Amino acid sequence: MNDHAGRPVYMDHAATTFMKPEVVAAMAPYLSEHYGNPSSLYRFSRESRRGVESARERVAAAIGANPAEVFFTAGGTEADNWAIKGVAFANRGRGNHIVTSAIEHHAVLHTCEWLERQGFSVTYLPVDGFGRVDPEQVEEAITDETILVSVMAANNEIGTIQPIAGISRIAHDHGVLFHTDAVQAIGAVPIDVDAMGIDLLSLSGHKFYGPKGTGALYIREGTRIEPFIHGGGQERGLRAGTENVPGIVGLGQAIELATVDIEGHNRRIAAMRDRVIRGVFDSILDLRLNGHPTERLPNNANFSFRYVEGEAILLLLDAHGICASTGSACSSGSSEPSHVLLATGIPPEDAHGSLRLTLGDANTMDDIDYLLEVLPEVIERLRRISPLAPPSPRAPEAD
Ligand code: PLP
């Protein structure tokens with residue numbers, strides 16, 4: 001493999017992140033000496049209980065909540081499932097209608113589709129060409145039967161940030177609960193659940209340098225919601241099962257680190273992202289930037305290159321040690337392009353040639369230079385063998 005200086009160039013931070021050394025260090029004692037069950041009554045278990053409760057305080061502080069409103073889960077997918085199914089079933093007496101957007105993560109979309117099979121009805125709002133939900137369309141979609149609006153804070157593929165406060169205000173004006181999937185937003189968008197009118201919020205530890213398989217659901221005090229996992233009395237009887245103590249401790253440490261200086265972090269990451277975007281447009285023709293030009297996550301650059309397949313780009317980048325992602329996933333058995341890209345109205349053939357680069361703390365400007373050296377050659381090489389590409393313009397002949 002033609003790695004850059006012998007190491008992979010990791011540009012897929014929206015898929016997952018490495019664990020910061022401070023996170024690993026915080027977890028270590030809970031993987032060994034502090035192994036007591038947090039629910040046990042003897043003194044030995046106190047340290048486990050303390051670890052869990054102090055993580056709860058850290059998560060709460062990061063989003064402007066009270067610790068009693070934070071419930072630990074096994075990730076973002078579980079938090080999304082719980083928020084939507086839990087609210088749907090607890091509020092069934094009031095109505096059976098949910099409003100969400102067409103570009104949500106499958107953790108939300110497939111949950112909503114399942115609820116439709118249980119007799120609920122769901123409106124999937126369209127988005128504009130930049131991937132933004134229009135709050136006015138939220139208002140038009142709400143009926144007397146609506147019990148929940150769920151719109152993500154930021155999109156995982158194209159990075160578009162939604163006008164959450166405006167959408168939640170409309171939901172509340174109609175007495176409807178508001179949930180947001182903030183899995184990609186934590187650490188990049190400052191979150192205050194009160195100021196933003198959020199009743200339920202999903203987050204996931206492994207997206208902000210915490211452990212995989214950890215997450216949390218914020219549930220505003222007084223929200224009617226069904227328990228998600230039945231069993232013991234953990235998580236105030238709403239999410240049973242012995243706690244993943246080391247994971248929860250790591251999540252708490254990670255969210256504190258991720259939210260201590262969001263502005264400084266964003267400045268550093270956006271400088272790299274902007275250099276990627278400029279460099280790619282300067283060296284490659286026939287492409288578009290997907291997502292919103294300004295209301296986008298600081299780490300996200302998503303391009304569509306005409307005449308090439310996203311998967312082929314990934315394979316050639318991988319051969320150069322660059323890890324990236326695409327919205328065109330033929331290998332998973334379907335050659336359907338990303339539902340997010342299609343919802344923004346781009347033609348399927350352009351959606352097929354998409355490349356998502358998500359930067360983060362694993363990157364340096366040196367990585368960006370390397371990408372900008374490799375990517376134009378990769379696209380050029382693929383276009384040379386693409387039956388769709390027009391012949392490349394010849395250099396004018398000398399007289
Ligand atoms: N929601 C969004 C927006 C995501 O990007 C992801 C993960 O990619 C999830 C939910 C699922 O989170 P997890 O991997 O913790 O289950």
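Start with the open sheet of 7 strands, which is ordered β2-β8-β7-β6-β5-β3-β4 and has mixed pairing. Two strands count as paired if DSSP finds at least two bridges between them. Strands (E, at least two residues) and helices (H or I, at least four) are DSSP runs, numbered from the N terminus. This is a predicted model, where local features need pLDDT of at least 70 and side-chain atom pairs count only at pLDDT 80 or more, while totals for chains, interfaces and linings use all residues. Residues are numbered from 1 along each chain as its sequence is written, and side-chain values use heavy atoms, with hydrogens and water left out.

Back to the sheet of 7 strands. The edges are β2 (70–73) and β4 (121–125); each has a single partner strand, so one side of each has no neighbour in the sheet. On average, neighbouring strands here are turned by 20 degrees against each other, direction ignored. For angles between directions, axes are lines fitted to C-alpha atoms, for helices over the stretch in contact, and the values run from 0 to 180 degrees between N-to-C directions.

S101 has L125 in β4 as its bridge partner. Helix α2 packs on this sheet and touches β2, β7 (200–204) and β8 (215–219), with its direction at about 115 degrees to that of β2. Contact here means heavy atoms within 4.5 Å. Another helix, α6 (residues 164–173), lies across β5 (146–150) and β6 (177–181) and runs at about 155 degrees to β6.

Next, the open sheet of 3 strands. Its order is β9-β10-β12, and the pairing is antiparallel. β9 (287–290) and β12 (354–358) are the edge strands, each pairing on one side only. Neighbouring strands in this sheet are turned by 25 degrees against each other on average, direction ignored. Between β9 and β10 (residues 300–305) there are 4 bridges in the antiparallel sense, and N290 stands opposite N302 in β10.

Now the loops. Where is S325? S325 sits in the loop between β11 (322–323) and α10 (339–343). S325 counts as buried because its relative accessibility is 14%, where buried means under 20% relative accessible area, exposed over 50%, and partly exposed in between (1.4 Å probe, protein chains only). Neighbours within four places in sequence aside, S325 is in contact with D12, L314, S354, L355 and R356.

Buried or exposed, for E235? E235 is buried, at 6% relative accessibility, whereas R236 is exposed, at 57%. Neither is a glycine, yet phi is positive: near 50 degrees for E235 and about 55 degrees for R236.

Last, the surface. Y35, Y42 and F44 make a nonpolar surface patch of about 390 Å². Patch residues have over 30% relative accessible area and no salt bridge; like charges are joined within 9 Å, and nonpolar side chains (Val, Leu, Ile, Met, Phe, Trp, Tyr) within 5 Å. A salt bridge is a side-chain nitrogen of Lys or Arg within 4 Å of a carboxyl oxygen of Asp or Glu. Areas come from the Shrake-Rupley method with a 1.4 Å probe, and for residues only the protein chains shown count as cover. Y35 lies in the loop between α1 (21–31) and α2 (46–63), and Y35 is exposed, at 63% relative accessible area.
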